[in-house]
Each structure stands twice: as structure tokens, then as C-alpha cells.
Amino acid sequence: NKAMILGVASSADEMGKLMEIARTRGSAMGLSTTQAFNDLVTGVGRLSPMILDNLGVTVSAEKAYAEYAATIGKAADALTQAEQRQAFLNAMMASAPNAAKEAEMAAERIGPV
């Protein structure tokens with residue numbers, strides 16, 4: 001619900017990817033998946049690189065805005081807040097392209113629960 005309210009995820013696919021990233025980053029940082037997911041959602045929702053940095057995820061807001069703006073034919077400073085959030089989310093997800101594979105490998109190390 002929080003992800004939807006903050007405009008962070010608009011589809012089940014995005015939610016799934018966020019959960020994969022949360023699981024791998026949480027595990028790497030000694031956090032639960034729940035805490036890592038909350039931090040990811042809050043970080044993207046508030047457009048806060050500092051919150052994401054706590055999970056070892058590095059996002060440059062300026063770079064994300066510029067790249068996204070170019071794809072939609074706008075200037076970076078003309079992006080709406082929703083567009084900034086989408087740019088930030090895209091950059092965050094791009095920073096963890098192997099999240100699904102990392103989650104699978106972590107699950108194999110832990111074994112069945």
C-alpha cells in the first residue's frame with residue numbers, strides 16, 4: 001500500500017522487482033526484506049538518494065532526471081514530481097539489474113525454510 005500511495009510502484013511487475021531488490025540488498029546489509037522494502041519505497045517516494053545509500057544502492061537524482069527527460073522529450077527541470085519519481089525508480093532498478101539472480105543465489109545458500 002505504501003508503495004502505491006507514494007507512487008513508487010504502479011504494477012505487480014514493479015512490486016515484484018522491488019521485492020527482489022529488497023531481499024538482496026536487505027540480506028547484504030543485514031536487514032530484513034521488510035525493512036529493506038520499506039527503505040526502498042521511502043527512498044524512491046521521497047526522491048532521497050541518502051535513504052537508498054543506506055541499502056548500498058547509489059542513485060544520482062540529477063543524472064536520473066536528465067536521462068529520463070531525454071527519453072520523453074523534456075528538459076530535466078521541466079519534469080513533474082511523478083516523472084521525477086519514475087526517473088528515480090528507473091535509475092534505482094537499473095542499479096540492481098541482477099537482483100533476481102542474486103535473490104535466487106541467496107535462497108539457494110539459505111536452503112528451504
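Which residue just after H3 takes a positive phi? Leu 47 does, with a value of about 55°. The views below come from a predicted model, in which local features need pLDDT of at least 70 and side-chain atom pairs count only at pLDDT 80 or more, while totals for chains, interfaces and linings use all residues. Residues are numbered from 1 along each chain as its sequence is written, and side-chain values use heavy atoms, with hydrogens and water left out.

**View 1. Leu 47 in the loop between helices H3 and H4.** The loop joins H3 (33-45) and H4 (49-53); helices are DSSP runs of H or I with at least four residues, numbered from the N terminus. Most residues other than glycine have a negative phi. Leu 47 has 17% relative accessibility and therefore counts as buried (under 20% relative accessible area, 1.4 Å probe, protein chains only).

**View 2. Helix H3 and its buried residues.** The 13 residues of H3 should span 18 Å at 1.5 Å a residue, and the end C-alpha atoms are 18 Å apart, which agrees; the expected span is 1.5 Å times one less than the number of residues. Buried residues of H3 include Ala 36, Phe 37, Asp 39 and Leu 40. The buried residues of H3 pack against H1 (2-5), H2, H4 and H6, where contact means heavy atoms within 4.5 Å.

**View 3. Packing of H3 with H6.** The axes lie 9 Å apart at an angle of about 135°; they are lines fitted to C-alpha atoms over the stretch in contact, and angles run from 0 to 180 degrees between N-to-C directions. That angle makes H3 oblique to H6 (angles under 35 degrees count as roughly parallel, over 145 as roughly antiparallel, 65 to 115 as roughly perpendicular and the rest as oblique). Leu 40, Gly 43, Val 44 and Gly 45 of H3 meet Arg 85, Phe 88, Leu 89 and Met 92 of H6.

**View 4. Packing of H5 with H6.** H5 (residues 61-72) and H6 (residues 81-94) have axes 8 Å apart and an angle of about 110°, and are therefore roughly perpendicular to each other. Among the contact residues are Tyr 65 and Tyr 68 of H5 and Ala 87 and Phe 88 of H6.

**View 5. The largest nonpolar core.** This core, a set of buried Ala, Val, Leu, Ile, Met, Phe, Trp, Tyr and Cys residues joined through side-chain atoms within 4.5 Å, has 28 residues. Leu 18, Leu 52 and Met 92 have the most contacts inside it. Helices H2 (12-29), H3, H5 and H6 each give two or more residues to the core.

Notes. Buried means under 20% relative accessible area, exposed over 50%, partly exposed in between (1.4 Å probe, protein chains only).
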